[in-house]
Amino acid sequence: MPLAAPPALLLPLLGLAAAAVADCPSSTWIQFQDNCYIFLQEAIKVESIEDVRNQCTDHGADMISIHNEEENAFILDTLKKQWKGSDDILLGMFYDTDDASFKWFDNSNMTFDKWADQDDGEDLIDTCAFLHIKTGEWKKGNCEVSFVEGTLCKTAIPYKGKYLSDNHILISALVIASTVILTVLGAIIWFLYKKHSDSRFTTVFSTAPQSPYNEDCVLVVGEENEYPVQFE
């Protein structure tokens, strides 16, 4: 007997499973190499660079870090198509006075830089980095910003939401748990449906009408009828 098709309940669950393994969080993000990027063109007033960073962490990402020339060119090309603000936009970089070096907020390694020619003897306390939209070079500037016109965010593939707040993590866990429960229930319903169908198939054959004679009786009757008795 051929296997029955999965019940309709499982189809949306399969869709949820496919969405769960998608590379980027949503279609509003742009994928390049092994990362997802989003440009939040929203003018906001801020008290510190942490307020800018929260714009990204609220989306499960962090402020952008750049690790090679190709990535820098990709970001520059993307911004030229969307950016309508000032010539400079904040990167996710700060100057760490403890070891006198620049670091990325996302804790990735400093493997690439594209600094414009600037005085190396300048005071770097409270210094952050900015990407110059027209040239693609990096500039040093004060972290004490009070207003930004947009924020660049980045997260790695697969999207794990490692920067999500506790509420986001709780909601994600509930969605995953609900999906698993529904999948198990769907499998149980499918199993019971198949079992019930198989039992009906067996019952039809087991209750077929039976002959009142067994095979031996039928054979004897046939032989007796073959030679009719004649009377004188």
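Tutor: Let us begin with a rule for sorting residues: Ala, Val, Leu, Ile, Met, Phe, Trp, Tyr, Cys and Pro count as nonpolar, Asp, Glu, Lys and Arg as charged, and the others, Gly among them, as polar. By these classes, the lining of the largest cavity has nine nonpolar, two polar and no charged residues. Please keep in mind that this is a predicted model, in which local features need pLDDT of at least 70 and side-chain atom pairs count only at pLDDT 80 or more, while totals for chains, interfaces and linings use all residues. Residues are numbered from 1 along each chain as its sequence is written, and side-chain values use heavy atoms, with hydrogens and water left out.

Student: What makes a space a cavity, and which residues line the largest cavity?

Tutor: On a 1 Å grid over the protein atoms alone, a cavity is a set of points where a 1.4 Å probe fits but cannot get out, whereas a pocket is an open set with protein on both sides within 12 Å along at least five of seven lines; lining residues have an atom within 4 Å of a point. The lining of the largest cavity is made up of I30, Y37, I38, F39, I64, F74, I75, T78, L79, Q82 and L152. Helix α3 gives the most to this lining, with five residues.

Student: How much space lies in the largest cavity?

Tutor: About 80 Å³, where a volume is the space filled by probe spheres set on the grid points, which are joined across faces, edges and corners.

Student: Why is T57 called buried?

Tutor: Buried means under 20% relative accessible area, exposed over 50%, and partly exposed in between, with a 1.4 Å probe and protein chains only. T57 has a relative accessible area of 16%, so T57 is buried.

Student: How do you know which atom of N54 lies 3.2 Å from the side chain of T57?

Tutor: The distance runs from the backbone oxygen of N54 to a polar atom of the T57 side chain, at 3.2 Å. T57 itself is found in helix α2.

Student: What makes a group of residues a nonpolar core, and how many residues has the largest one?

Tutor: A nonpolar core is a set of buried Ala, Val, Leu, Ile, Met, Phe, Trp, Tyr and Cys residues joined through side-chain atoms within 4.5 Å. The largest has 22 residues, and those with the most contacts inside it are I75, L79, I89, L91 and W138. Its largest share, four residues, comes from β5.

Notes:
Helices (H or I, at least four residues) and strands (E, at least two) are DSSP runs, numbered from the N terminus. A polar contact is a pair of N or O atoms within 3.5 Å; within protein, one must be able to donate a hydrogen and the other to accept it, and residues adjacent in sequence count only if both atoms are side-chain atoms.
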